[in-house]
Amino acid sequence: MPELSELLAEFMPPIPTLQQAVFFPIAGFVMLAAMLTVFARNLFHSALGLVATLFGVAGLYIMLEAEFVAVSQILVYVGAISTLITFAIMLTRGMMFGRTAVRNRQWLAGLLVALLFALSAMGVVFNIEWPNV
């Protein structure tokens, strides 16, 4: 008769490692911030979403033990580029207070290109014989 631990091991997913437990929340934060960047109706909110996305990517670089790239990401992109984008938005007052449309005339073409890219990427991933490491 199988033991309880064997039955639980059969039906339970494996316990994530510490690295996975740190990676998944950071990756989720990056995805949510990127979606805020894309789908926000206010241009200033999109810029704030971009800042959050760039901070999250810096966190991923830290997880990859690329501290210099992470610090460069924060200094160059979060510090300089995001400040430049924010000032450009604030200096164009018409865009700062107005709402932008989520869809424009090119949304269908963009959706088709994104779907074609996703399908081709999945085709490459699933049709290559990857080495077992």
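Predicted model: local features only at pLDDT ≥ 70, side-chain atom pairs only at ≥ 80, totals over all residues.
Colleague: Where does Glu65 lie?

Modeller: Glu65 sits in the loop between α3 and α4, with α4 covering residues 67-91.

Colleague: Is Glu65 buried or exposed?

Modeller: Exposed is over 50% relative accessible area. Glu65 has 65% relative accessibility, so it counts as exposed.

Colleague: Now the other end. What happens at the start of α3?

Modeller: Look at Asn42 there. One of its side-chain oxygens comes to within 2.9 Å of the backbone nitrogen of Phe44.

Colleague: How many residues does α3 have, and what span should they give?

Modeller: Count the residues, then compare the expected span with the distance between the ends. α3 has 21 residues, which at 1.5 Å a residue should span 30 Å. Its end C-alpha atoms are 31 Å apart, so the two values agree.

Colleague: How should I describe two packed helices?

Modeller: Use the angle between their axes and the distance between the axes. Here, the axes of α3 and α4 come within 9 Å and cross at roughly 175°. Angles over 145 degrees count as roughly antiparallel. α3 and α4 are therefore roughly antiparallel to each other.

Colleague: Which residues make that contact?

Modeller: On α3, they include Leu43, Phe44, Ala47, Leu50, Val51 and Leu54. On α4, they include Val69, Ala70, Gln73, Ile74, Tyr77, Val78 and Ser82.

Colleague: And how many of them are nonpolar, polar or charged?

Modeller: The contact of α3 with α4 has 19 nonpolar residues, three polar and no charged ones.

Colleague: Which residues of α3 are buried?

Modeller: Buried means under 20% relative accessible area. In α3 the buried residues are Ser46, Ala47, Gly49, Val51, Thr53, Leu54, Gly56, Ala58, Gly59 and Met63.

Colleague: What do the buried residues of α3 pack against?

Modeller: They pack against two helices, α2 (18-39) and α4.

Colleague: Take Ser46. Where is it, and what does it contact?

Modeller: Ser46 lies in α3, which covers residues 43-63. With 12% relative accessibility, Ser46 counts as buried. Setting aside neighbours within four places in sequence, Ser46 is in contact with Leu36, Thr37 and Ala40.

Colleague: Which residues does Ser82 touch?

Modeller: Ser82 is in helix α4. Its relative accessible area is 5%, so Ser82 is buried. Not counting residues up to four places away in sequence, Ser82 touches Val51, Leu54 and Tyr77.

Colleague: Back to α2. Is Val38 buried or exposed?

Modeller: Val38 is found in α2. Val38 has a relative accessible area of 59%, so it is exposed.

Colleague: What separates the C-alpha atoms of Val38 and Ile74?

Modeller: Keep sequence separation and spatial distance apart. Val38 and Ile74 are 36 residues apart along the chain, and their C-alpha atoms are separated by 21 Å.

Colleague: And what separates the C-alpha atoms of Ala80 and Ala58?

Modeller: That distance is 15 Å, with the two residues 22 apart along the chain. Ala80 is in helix α4. At 44% relative accessibility, Ala80 counts as partly exposed.

How values were computed
Residues numbered from 1 in each chain as written. Heavy atoms only, no water. Helix = DSSP H or I, 4+ residues; strand = E, 2+ residues; numbered from the N terminus. Buried < 20%, exposed > 50% of the residue type's maximum accessible area, 1.4 Å probe, protein only. Contact = heavy atoms within 4.5 Å. Axes fitted to C-alpha atoms, helices over the stretch in contact; angles between N-to-C directions. Parallel < 35°, antiparallel > 145°, perpendicular 65-115°, else oblique. Nonpolar A, V, L, I, M, F, W, Y, C, P; charged D, E, K, R; others polar. Expected span 1.5 Å × (residues − 1). Polar contact = N/O pair within 3.5 Å; in protein donor to acceptor, adjacent residues only side chain to side chain.
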